[in-house]
Amino acid sequence: MLYTIHPSPLGDLLLAAEVPGTLASVSAPGQRGGARVGPGWRRDPGAFRTAVRELDAYFAGELKEFTVPLAARGTPFRQRVWEALDTIGYGATVTYGELAGRAGADPRAVRAVGGAVGANPLLVVRPCHRVIGASGALTGYAGGLERKRWLLTLEGVLS
């Protein structure tokens, strides 16, 4: 596994991939379930040029959609939910029930959808921060609610 550490407003992000030019994981310090550098991992900042450029542009408010190829692994259900996350546009939010519908799941499957969202290995890039509770409340975010609030403020959802 290749990796690099990249400074961001959310803290030093750990970027990981098996193939240069792709992203398998983006984790923030202290993130629940976030990746950790493992045995045999090799630091290779050059493998993440596109991802770093896009993250910096996003945090500067200059990028609304990531184009770096994603290579996260998960069950077929998780993959469907993660692909549905990708359909939530910059500055928009959806509820877990709405996301379930986008993923082709029963809208009552919010717990299963929430589990898939919580297991999203691509913090920021795959926009799980854009999923909110049915009441409109900010709920659950593996990176912490302060980071979720910061990201939604950056995108103009919150003031």
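In the predicted model, 45% of the 159 residues of the protein chain count as buried. The C-alpha atoms occupy a box of roughly 40 × 35 × 25 Å along the principal axes. Among contacts between residues at least 6 apart in sequence, 58% join residues at least 24 apart.

The secondary structure of the protein chain consists of five helices and six strands, arranged from the N terminus in the order β-β-β-β-α-α-β-α-α-β-α. The radius of gyration of the protein chain is 15 Å, close to the 15 Å given by the globule rule for 159 residues, so the chain is as compact as a globular protein of that length.

Helix α2 spans residues 76-85, and its buried residues are V81, W82, A84 and L85. Seen down the axis of α2, these buried residues fall within an arc of 155° and therefore line one face of the helix. The elements that cover the buried residues of α2 include α3 (96-102), α4 and β6 (131-132).

Two packed helices are described by the angle between their axes and the distance between the axes. Because angles of 65 to 115 degrees count as roughly perpendicular, α2 and α4 are roughly perpendicular to each other. On the α2 side, the contact is made by F77, R78, V81, W82 and L85; on the α4 side, A112, V113, G115, A116 and V117 take part. By class, this contact has eight nonpolar residues, one polar residue and one charged residue.

Technical notes
Residues are numbered from 1 along each chain as its sequence is written. This is a predicted model: local features need pLDDT of at least 70, side-chain atom pairs count only at pLDDT 80 or more; totals for chains, interfaces and linings use all residues. Side-chain values use heavy atoms; hydrogens and water are left out. Axes are lines fitted to C-alpha atoms, for helices over the stretch in contact, and angles run from 0 to 180 degrees between N-to-C directions. Helices (H or I, at least four residues) and strands (E, at least two) are DSSP runs, numbered from the N terminus. Angles under 35 degrees count as roughly parallel, over 145 as roughly antiparallel, 65 to 115 as roughly perpendicular and the rest as oblique. Contact means heavy atoms within 4.5 Å. Ala, Val, Leu, Ile, Met, Phe, Trp, Tyr, Cys and Pro count as nonpolar, Asp, Glu, Lys and Arg as charged, and the others, Gly among them, as polar. Buried means under 20% relative accessible area, exposed over 50%, partly exposed in between (1.4 Å probe, protein chains only). The arc is that of the directions from the helix axis to the C-beta atoms. The radius of gyration is taken over C-alpha atoms; the globule rule is 2.2 Å times the number of residues to the power 0.38.
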